[in-house]
Amino acid sequence: MEVMSLRQRDDIAVEKKKSRLKPPPLFKVLLLNDDYTPMEFVVVILQTIFFMSREQATQIMLKVHEEGLGVCGVYPKDVATTKVEKVCVFAKQHQHPLKCVMEET
């Protein structure tokens, strides 16, 4: 919604625009299940990259294992992109096929 107001100042009309900024879109970071990445490795990823407690990480890992995917967190686009890249690089370094993706909420 845009609101305009006019102020008179020495015969000069000054137009002031007020507009509402929309918050940036948020993105869910998701881990996808595979049949090769060890469950313990997924827990380590969740603890180190997403700063979860062991308990939280285990719950998310079990969700990924049982349902095929799990939400690791919801972030602005740049943060979500960085998290996805970190997971993919870390998994590749340890020779695991773990997939991590993001989708807009």
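This is a predicted model: local features need pLDDT of at least 70, side-chain atom pairs count only at pLDDT 80 or more; totals for chains, interfaces and linings use all residues.
Three strands form an open sheet in the order E4-E3-E5, and their pairing is antiparallel. Strand E4, residues 69-76, and strand E5, residues 99-104, are the edge strands; each has a single partner strand, so one side of each is left without a neighbour in the sheet. From one strand to the next, the twist averages 25 degrees. Strands of a sheet pair through backbone hydrogen bonds, in either a parallel or an antiparallel manner.

Strand E3, which covers residues 26-32, pairs with E5 in the antiparallel sense over six bridges. Within this pairing, lysine 28 has glutamate 103 of E5 as its bridge partner, and leucine 32 stands opposite lysine 99 in E5. With E4, strand E3 pairs over seven bridges, again in the antiparallel sense. Here the bridge partner of leucine 30 is valine 71, a residue of E4.

Helix H2, made up of residues 54-67, packs on this sheet and touches both E3 and E4. The direction of H2 makes about 125 degrees with that of E4. Histidine 65 is found in this helix and is partly exposed, with a relative accessible area of 41%. Leaving aside neighbours within four places in sequence, histidine 65 is in contact with Asn33 and Met39. Histidine 65 and leucine 31 are 34 residues apart in sequence, and their C-alpha atoms are 9.8 Å apart in space.

In soluble globular proteins, nonpolar side chains tend to be buried together.

In helix H1, the buried residues include Phe41, Val42, Val43, Ile45 and Leu46. The cover over the buried residues of H1 includes E3, H2, E4 and H3.

Two aromatic pairs are present in the structure. In one of them, the ring centres of phenylalanine 41 and phenylalanine 90 are 5.4 Å apart and the planes are at 10 degrees, so the pair is stacked. Phenylalanine 41 lies in helix H1 and phenylalanine 90 in helix H3, so this pair ties together parts that are 49 residues apart in sequence. Phenylalanine 41 is buried, with a relative accessible area of 10%, whereas phenylalanine 90 counts as partly exposed at 24% relative accessibility.

Phenylalanine 50 and tyrosine 75 form a tilted aromatic pair, with 6.5 Å from centre to centre and 35 degrees between the planes. Because phenylalanine 50 lies in the loop between H1 and H2 and tyrosine 75 in strand E4, the pair ties together parts that are 25 residues apart in sequence. Phenylalanine 50 is buried, with a relative accessible area of 6%, and tyrosine 75 also counts as buried, at 17% relative accessibility.

Finally, the cysteines deserve a look. The structure holds zero disulfides. For cysteine 72, the closest cysteine sulfur is that of cysteine 100, at 5.5 Å, too far for a bond; a disulfide would need the sulfur atoms within 2.5 Å. Cysteine 72 counts as buried at 6% relative accessibility. Cysteine 100, likewise in no disulfide, counts as buried at 6% relative accessibility.

Conventions. Residues are numbered from 1 along each chain as its sequence is written. Side-chain values use heavy atoms; hydrogens and water are left out. Two strands pair if DSSP finds at least two bridges between them. Helices (H or I, at least four residues) and strands (E, at least two) are DSSP runs, numbered from the N terminus. Axes are lines fitted to C-alpha atoms, for helices over the stretch in contact, and angles run from 0 to 180 degrees between N-to-C directions. Contact means heavy atoms within 4.5 Å. Buried means under 20% relative accessible area, exposed over 50%, partly exposed in between (1.4 Å probe, protein chains only). Rings of Phe, Tyr and Trp (its six-membered ring) pair if their centres lie within 6.5 Å; planes under 30 degrees apart count as stacked, over 60 as edge-to-face and the rest as tilted.
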